[in-house]
Amino acid sequence: MIQTLVATLMWALVASLLIFRRKRTDRNITYAALAIAIAMTLGVDGIYTVVDPLLGRTSLATLLADALLMTGLFFLGRGVMKSGEYRPGLVRAAVSVPMLVISLLSITITFLFIDRGPTTTQFMSDLGAQPATAAYSIINFSYGGIVIATMLTLAARRYRHSTGIQRLPAALLTLGSAFGVALCLAVIVMDIAHVTGRLDLMHAVQPAYGPLSLLTFLFLCAGFAAQPAVRRAQHYLRDKRTSALAAQLESLWNRATHLRPGLSQADPPAARTEDPEGRLHREIVEIRDAMIDPRITFRTSRTERTLLERAESHLLGHDRTAVAPPRVDEEDGAR
C-alpha cells in the first residue's frame, strides 16, 4: 500500500514538473522524479510480478529498480546543488558521476553473488540473511543516505538564507531529507541485524520503515512541487507591484515628458511595451532626465521624490514592501 502511495506521489510530481518547469534548461529534478517514479512503480507487487518474469524470474527487477532509484537520487542531488551557490567539495563529490558509477557497479557485483531463486516480492525478507544481500542493500542505502544527507545540508542552508514564503520549499525539502536520512539508517540497521541473526532488533526497527518512506517522499515531493509554485506567486506579486508603481508615477512622468520629451514621445512604438518592468524603467529614466536637464525647470515634491526612489528600489530588488525580483540561476535557465 505504501509503495503504491509513494509511486503515485512520484508520478504526480513528474506531472507537476512537466507542467510548471517545462521552460527550464536544467532538467535534473525532472529526470530524478521520472527515474524514482519508475523505480517505485517497479516495487509495487502487482507490477513487479509482471516485470520480473520478463527479465528471467531471478529478481532482476529488484536490481533494475534499485539502479533507477540511485540514478534518480543522483539527479536529485545535482538539481538541489545547482539551485544554489553553496557547493563545497564534499557536496560535489557526493553527487559526482564517479560516485554513482562506483555505487552502481558495487550493487551489480554483489547482486550477482546472491542466491536468488525464483521471483519474490519479499526480496530482503526472504534473502536478507545472506551476506551478499546485506552488502547489496547496505551499499544501496549508504549511497542514498549520503546523497540525501547532502540534500539536507543544502536545503537547511537555503532555509537559513531565505525569507518569507521562499522558506517554504526549503523547509519541506529539509524535512523530507531528514526523514530520508533516518530511513536509510533504519534500513542499514535492519540489514545488519538480519544478517547477524539479531531478528529482535530487526523486528523492533521494521515498523518505522513504512512511515519513514511515506514521510520522506511526501515532503520531498511537496518541496520540489512548491518551488515553481512559489516562484510563480512571486512573479505575479512583483508584476502587480510594478504595475501599481508605474500607475502612481504616471502623472509625474506626463509632466516630465511634457517639459522634456523623451523616447516615448520621439518614438512611441519603440517605447511602447507590455512588460510592466520595462514601462516602469522608461518612466523613471525620463523623469530623472527631466530632473537633471539644466535647460528646463522641473520641480518635484518630496512625496514624488520618495515615490520615485521607491520605484527605483523596487526595480533593483531593494524594496522591502514588495517581493524580491525573480532569481535567475543555473536551474532557472531561460524564463
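The span of residues 89-114 is 85% helix and 0% strand, and its end C-alpha atoms lie 35 Å apart; helices here are DSSP runs of H or I with at least four residues, strands are runs of E with at least two, and both are numbered from the N terminus. For comparison, residues 29-48 are 90% helix and 0% strand, with end C-alpha atoms 25 Å apart. Both spans come from the unreviewed UniProt entry, which lists them among its transmembrane regions; such annotations may be inferred rather than shown by experiment. The model is predicted, with local features requiring pLDDT of at least 70 and side-chain atom pairs pLDDT 80 or more, while totals for chains, interfaces and linings use all residues. Residues are numbered from 1 along each chain as its sequence is written, and side-chain values use heavy atoms, without hydrogens or water.

Turning to helix packing, helix H4 (residues 60-82) and helix H6 (residues 97-112) have axes that come within 11 Å and cross at roughly 165°. H4 is therefore roughly antiparallel to H6 (an angle over 145 degrees). The contact (heavy atoms within 4.5 Å) includes Leu-60, Met-70 and Phe-74 of H4 and Val-97, Ile-107 and Phe-111 of H6.

Arg-57 sits in the loop between helix H3 (45-54) and H4, and is exposed, with a relative accessible area of 52% (exposed means over 50%, with a 1.4 Å probe and protein chains only). Arg-57 and Thr-119 are 62 residues apart in sequence, yet their C-alpha atoms are 4.9 Å apart in space. Beyond neighbours within four places in sequence, Arg-57 is in contact with Asp-52, Gly-117, Pro-118 and Thr-119.

Technical notes: Axes fitted to C-alpha atoms, helices over the stretch in contact; angles between N-to-C directions. Parallel < 35°, antiparallel > 145°, perpendicular 65-115°, else oblique. Buried < 20%, exposed > 50% of the residue type's maximum accessible area, 1.4 Å probe, protein only.
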